[in-house]
Amino acid sequence: MNGHLAVVGHLAVVGLGPGDQRWLTPEADAALARADALYGYASYLERVPTRPGQARHASDNREEGARAAAALRHAAQGACVALVSGGDPGIFAMAAAVCAEIEAGPEAWRSLDVSIIPGITAMLAVAARVGAPLGHDFCALSLSDNLKPWELIERRLAAAAQAGFVIALYNPISQARRWQLGAALDQLRRLLPAGTPVVFGRAVGRPDEKVVVTTLDVADPERADMATLIIVGSAETRVIARPDRAPLVYTPRAIEAVRA
């Protein structure tokens, strides 16, 4: 032994939740407060209060790998680093990017203290606004074909619909991806009843929040943007109309009892 202590940094991958500070967990808040530096997509970093002496490194939304690598390099120097992610970092977000960089990167990165701090993901926030559409079996799919072929997305959509899953659709549309959501809804219309409930939840937990409950036959892709999470019900999903109140959407847990 040479008498020198190894320099071991810490990287926390922190889920910020949908945007409302009430939905930021105490664990996430503590990790953000103790970090020497923050890394993240610029709009997510804007949600984090500025603290004296804490460096901030913003980057573009499509630079996930480079962002993860930069945070890992900084942590490898012995710093306490927080890499922020909207919603939950393990769902179509930065935790997977960090793991991929560790797998492909230098051996030293495998010695880092890395923690993944969960957050409330968009499908849970949207579901809570309307009732319990995720009350029975469900799945989550990203409609982005930036990292996987559209043909694979189509196969997974068909499999999920035919299996009776409620489907949460992440990344439904962007400026560069205008047609994919319409194509996905058209495919689902061929597999599910016309009256299947569909929920568009935009910016839930933020001042410009908007939630719309509609049906599959008239679901309009123009309602969505990248701040939107869409929940497509199964054939079992129900809508309860309520006088002077928003409807409740739920998927019964006792599927066989409903069919009987």
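**Helix faces, salt bridges and a surface patch**

Biologist: What covers the buried residues of α4?
Modeller: Buried means under 20% relative accessible area, exposed over 50%, partly exposed in between (1.4 Å probe, protein chains only). Helices (H or I, at least four residues) and strands (E, at least two) are DSSP runs, numbered from the N terminus. Cover is counted by contact, heavy atoms within 4.5 Å. For α4 it includes β1 (10-15), α3 (64-76), β4 (80-85) and β5 (113-117).

Biologist: What pLDDT do local features need in this model?
Modeller: Residues are numbered from 1 along each chain as its sequence is written, and side-chain values use heavy atoms, with hydrogens and water left out. This is a predicted model: totals for chains, interfaces and linings use all residues, side-chain atom pairs count only at pLDDT 80 or more, and local features need pLDDT of at least 70.

Biologist: What arc do the buried residues of α4 cover?
Modeller: Helix α4 runs over residues 94-104, and its buried residues are M94, A95, A97, V98 and I102. The arc, taken from the directions from the helix axis to the C-beta atoms, puts them on the same side of α4, because it is only 160°.

Biologist: Which exposed residues sit on the face of α4 turned away from its buried side?
Modeller: An α-helix has 3.6 residues a turn, so residues three or four places apart point the same way. The face turned away from the buried side of α4 carries A96, E103 and A104.

Biologist: Which strands do the buried residues of α1 pack against?
Modeller: In α1 (residues 26-34), the buried residues are A28, A31 and L32. They lie on the same side of α1, because their arc is only 100°. They pack against β1, β2 (37-41), β4 and β5.

Biologist: How many residues apart are D29 and R51?
Modeller: Their side chains meet in a salt bridge, 3.8 Å from N to O; the term needs a side-chain nitrogen of Lys or Arg within 4 Å of a carboxyl oxygen of Asp or Glu. The pair links distant parts of the chain, with D29 in helix α1 and R51 in the loop between α2 (42-45) and β3 (55-59); they are 22 residues apart.

Biologist: Why are R189 and D186 separated by about one helical turn?
Modeller: They form a salt bridge, with the closest N and O atoms 2.6 Å apart. R189 is partly exposed at 29%, and D186 is partly exposed at 39%. The separation is about one helical turn because, in α7 (residues 180-189), they are three residues apart.

Biologist: Which residues are linked with R202 in a network of salt bridges?
Modeller: R202 meets D208 in a salt bridge of 2.9 Å, N to O. R202 is partly exposed at 24%. The network links R202 with D208 and D225.

Biologist: How long is the polar contact between T228 and D225?
Modeller: T228 is in strand β11 (residues 228-232) and counts as buried at 4% relative accessibility. A polar contact is a pair of N or O atoms within 3.5 Å; within protein, one must be able to donate a hydrogen and the other to accept it, and residues adjacent in sequence count only if both atoms are side-chain atoms. The side chains of T228 and D225 are joined by one of 3.0 Å.

Biologist: Which residues form the nonpolar patch with about 180 Å² of accessible area?
Modeller: Patches are made of residues with over 30% relative accessible area and no salt bridge: like charges are joined within 9 Å, nonpolar side chains (Val, Leu, Ile, Met, Phe, Trp, Tyr) within 5 Å. Accessible areas come from the Shrake-Rupley method with a 1.4 Å probe; for residues, only the protein chains shown count as cover. V211, in strand β10 (residues 210-215), is partly exposed at 31%. The patch is formed by V211, V213 and V239.
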